[in-house]
Amino acid sequence: MKTITQRELAARSKAVLDEVEAGETYHITRNGTEIAEVRPLTTRRRFVPVEELQRKWRNAPAVDYARMRAEADEFYGDEDRVGEDDRD
């Protein structure tokens, strides 16, 4: 957590907000008294470990590919689709 004055915030707002977006928290002071906290709304991760994805997908329902294809054909039509019997 960092502490800056109201005047510093006004002068460096872009840099401060870039740091907040990266996870930093700021306390803002006016006349030496803390009056506000600026912090990220959510913590955004740019990288998700493979183990976490595997754990989340482990209990995901199985994909019914035949049903998915039937729904796609119903929605988009199957006239221009290249299927297994169309490949030569």
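This is a predicted model: local features need pLDDT of at least 70, side-chain atom pairs count only at pLDDT 80 or more; totals for chains, interfaces and linings use all residues.
Residues are numbered from 1 along each chain as its sequence is written. Local features need pLDDT of at least 70, side-chain atom pairs count only at pLDDT 80 or more, and totals for chains, interfaces and linings use all residues, while side-chain values rest on heavy atoms, without hydrogens and water.

**Exercise 1.** Work out the order of the strands in the open sheet.

*Solution.* Start with the terms: strands (E, at least two residues) and helices (H or I, at least four) are DSSP runs numbered from the N terminus, and two strands pair if DSSP finds at least two bridges between them. The open sheet has three strands in the order β1-β2-β3, with mixed pairing. Its edge strands, β1 (2–5) and β3 (33–38), each pair on one side only.

**Exercise 2.** Find how β2 pairs with β1 and with β3.

*Solution.* First take β1: it runs parallel to β2 (residues 26–30), and four bridges join the two. Here K2 has Y26 as its bridge partner, and T3 stands opposite H27. Next take β3: β2 and β3 run antiparallel, joined by five bridges. On this side H27 stands opposite E37. Finally, look at the hairpin of β2 and β3: two residues lie between the strands, and N31 takes a positive phi near 55 degrees.

**Exercise 3.** Is β2 mostly covered or mostly uncovered?

*Solution.* Count the buried residues (under 20% relative accessible area, 1.4 Å probe, protein chains only). Four of the five residues in β2 are buried, so the strand is mostly covered.

Methods:
Buried means under 20% relative accessible area, exposed over 50%, partly exposed in between (1.4 Å probe, protein chains only).
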